[in-house]
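Please open the model in your viewer and keep the selection tool at hand. This tour moves from one selection to the next and says what is to be found at each stop.

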Amino acid sequence: MLTSARNEMLTRVGPGTPMGELLRRYWQPIAGASDLETNPIKDIRLLGENLVLYRDRGGHYGLIDRHCPHRRADMLYGWVEENGIRCSYHGWLMDETGRCLEQPYEDTTNPKPSKTGCEIKAYPVKECAGLLFAYMGPLPAPELPVWEPFTWDNGFREVVLADIPCNWFQCQENSIDPVHFEWMHDNWGARLRGGDKNAAPKHLKLKFEPFDYGFTYKRVREGQSEEDRYWTVGRVALWPNGFYLGSHFEWRVPIDDENTLSVAWFFVRVPKGREPYVQKRVPTWRSPIRGDDGRWITSHVINQDIVAWVGQGRIADRTKEHLRSSDIGVTLMRNRFFEEIEAMAAGKEPGGIIRSANEAQCITLPNMARELNTEGIPLADFQKDPILRQRLKEFRHHFGQPAEVRREFAEAMGI
Ligand code: FES
Ligand SMILES: [Fe+2]
């Protein structure tokens, strides 16, 4: 249980809030690069700020204020040029650093006018592994962490986005909550498929361990032992707002206090013998979370998680909860946020921020499935791995994978 003041501290993300300032110190995934292919300008709300994301004709990515610095017209209705984005109202041209490059009427009538003070708010954007990351904190920006899976080759990658109408923190608490697998995905999943027993192997033992980039959580369930990789390696609640499960990442990116952008990145290595495989383009698609009947979609794994997140309310009321030993990870994570917020207020750099380009270029994380992804296995062996076996049949993580993405995946796998 938390006081409402502590709950506010964890959940408020607008400019100037303690958590908002902390999250702004980290590069956040905000879109798939392929998102900007058909329309190079996209409106996006992040951490309570209305912004426009674009790719200009010269290939520069920009993330700028939604409103033009001249008289506040909507930059979403501007257009991109070789270098920057132009407002459609009076033609001011801005680049990705926020500089105002042109003010056509002034430039014609009063050559070389000073444009100082006419900058647009702008945040750096970088592309990596088909994802676009933004940094909204004080400059200089830290290095963008290139997690090891982003460096893997011979794999099929896809980016899946979903708009979640609730606060980010309850989504992130799900990243350090092993017991929900047994109930939400196994037992409830079985019920949704017509079963009538709580037959999932029970959790017998949990362990949560902090490290530089978050926490690992480890578990032993019935039928497993401490030799199992679920105990020896575990999974990662990635600091500050991610989840890493060996072959895929999920991030819970705050749109504002009451909305979250779920960003997930998936990798499947092609079967042995199908290398070299070079993916020309990483597809990005948006997963619907509500069905035509108005109810949340429950058929897919992350959709089930979403039912839990939104079910806790727009902002979960943590003054009313009853934490038990299954929630030790949740408490550890909350406390680490409180400590980091305090440290940042005292002028310290928050944890997990990388300033060395060398260190940032390939960061390994605990991974139960590394060899599957780096060495590869023959197609016949996909059947022996429960996750890959399922993956060949259908995309079980998010509802609504477009047919063309499925087709590209099947071609890559040779199925
Ligand atoms: S409002 Fe954008 S150029 Fe005038
Ligand atoms: Fe889950």
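Predicted model: local features only at pLDDT ≥ 70, side-chain atom pairs only at ≥ 80, totals over all residues.

Residues are numbered from 1 along each chain as its sequence is written, chains are lettered from A and ligands numbered from 1 in the order in which they are written, and side-chain values use heavy atoms, with hydrogens and water left out.

**Stop 1: the iron ion**

Select ligand 2, the iron ion, together with His180, His185 and Asp305: the ion is coordinated by NE2 of His180, NE2 of His185 and two OD contacts from Asp305, at 2.0 to 2.6 Å. Donors here are N, O and S atoms within 2.8 Å of the metal (3.2 Å for Na, K and Ca), and sites may look incomplete because water is not among the atoms. The angles among the 4 donor atoms run from 55 to 144 degrees, and the site is irregular.

Along the sequence, the donor residues follow the spacing H-x4-H-x119-D. Distant parts of the chain are linked here, since His180 belongs to helix H5 (residues 179-192) and Asp305 to helix H7 (residues 301-311), 125 residues apart. Helices (H or I, at least four residues) and strands (E, at least two) are DSSP runs, numbered from the N terminus. Are His180 and Asp305 buried or exposed? Both are buried, where buried means under 20% relative accessible area, exposed over 50% and partly exposed in between (1.4 Å probe, protein chains only).

**Stop 2: strand S14 and its partners**

Now select residues 214-221, which form strand S14, with 8 of its 8 residues buried. Strand S13 (residues 203-211) runs antiparallel to S14 and is joined to it by 8 bridges, and a hairpin of 2 residues connects S13 to S14; two strands pair if DSSP finds at least two bridges between them. To see one such bridge, select Leu206 and its partner in S14, Arg219. S14 also pairs with strand S15 (residues 235-238), again in the antiparallel sense, over 4 bridges, and Phe215 stands opposite Ala237 in S15.

**Stop 3: the pockets**

A pocket is an open set of points on a 1 Å grid over the protein atoms alone, where a 1.4 Å probe fits and protein lies on both sides within 12 Å along at least five of seven lines; lining residues have an atom within 4 Å of a point. The largest pocket has a volume of about 1400 Å³, the volume being the space filled by probe spheres set on the points, which are joined across faces, edges and corners. Its lining has 45 residues, and the closest to its centre are Tyr230, Arg235, Pro386, Ile387 and His397. Helix H12 gives the most to this lining, with 6 residues.

The second largest pocket holds about 360 Å³ of space. Select Glu173, Asp177, Gln312, Asp327 and Val330, which lie nearest its centre among 18 lining residues; H5 supplies the largest share, 3 residues.

**Stop 4: Gly117**

Finally, select Gly117 in the loop between helix H3 (104-109) and strand S9 (122-123). Gly117 counts as exposed because its relative accessibility is 62%.

Key
Tetrahedral: all angles 85-135°; square planar, octahedral: opposite > 155°, others 65-115°.
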